[in-house]
Amino acid sequence: MSRRFAAGLLALPALLAAAPALAAGAAPTMLKLTSGGVALPAEPVLGQPHPWEIGLQAAYSPVKQGMIDLNTMVLWIIIAITLFVG
């Protein structure tokens, strides 16, 4: 597999993530050309991970918010169990 093809496959999730915002009437996303010859969004895309990010990504739907709340509740249950056992 060539390097350019591999770089294109790695960029695919970022480009697909920008599609709903563009379909909803958002302003066109400016693209920058990477050293691998792949065009990526110049601005951060919604729901994309960032370096050194801690925690879950921001919720953009009620279902995702429910998942985040469940994750937080399970975390506190695990902390309580750890304190009682330890």
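## Surface

The accessible surface of the protein, in this predicted model, comes to about 7,100 Å², and 71% of that area belongs to carbon and sulfur atoms; accessible areas come from the Shrake-Rupley method with a 1.4 Å probe, and for residues only the protein chains shown count as cover.

## A nonpolar patch and Met 73

Leu 70, Met 73, Val 74, Ile 77, Ile 78, Ile 81 and Val 85 form a nonpolar patch on the surface, and together they have about 660 Å² of accessible area. Met 73 is found in helix α2, residues 62-85, and counts as partly exposed because its relative accessibility is 45%.

## Fold and contacts

The protein has two helices and two strands, which follow the pattern α-β-β-α along the sequence; helices (H or I, at least four residues) and strands (E, at least two) are DSSP runs, numbered from the N terminus. Among contacts (heavy atoms within 4.5 Å) between residues at least 6 apart in sequence, 35% join residues at least 24 apart.

Ala 58 has its place in the loop between β2 (39-41) and α2, and it counts as partly exposed because its relative accessibility is 47%. Ala 58 and Ile 68 are ten residues apart in sequence and 8.8 Å apart in space, C-alpha to C-alpha.

## Confidence and conventions

The average pLDDT, the predictor's confidence in each residue from 0 to 100, is 74 for the protein, and 45% of the residues score at least 70. Confidence is lowest in strand β1 (residues 31-33), at a mean of 58, and highest in α2, at 94. Where pLDDT is low, the predicted coordinates should not be read in detail.

Residues are numbered from 1 along each chain as its sequence is written, and side-chain values use heavy atoms, with hydrogens and water left out. Local features need pLDDT of at least 70 and side-chain atom pairs count only at pLDDT 80 or more, whereas totals for chains, interfaces and linings use all residues.

How values were computed. Patches are made of residues with over 30% relative accessible area and no salt bridge: like charges are joined within 9 Å, nonpolar side chains (Val, Leu, Ile, Met, Phe, Trp, Tyr) within 5 Å. A salt bridge is a side-chain nitrogen of Lys or Arg within 4 Å of a carboxyl oxygen of Asp or Glu. Buried means under 20% relative accessible area, exposed over 50%, partly exposed in between (1.4 Å probe, protein chains only).
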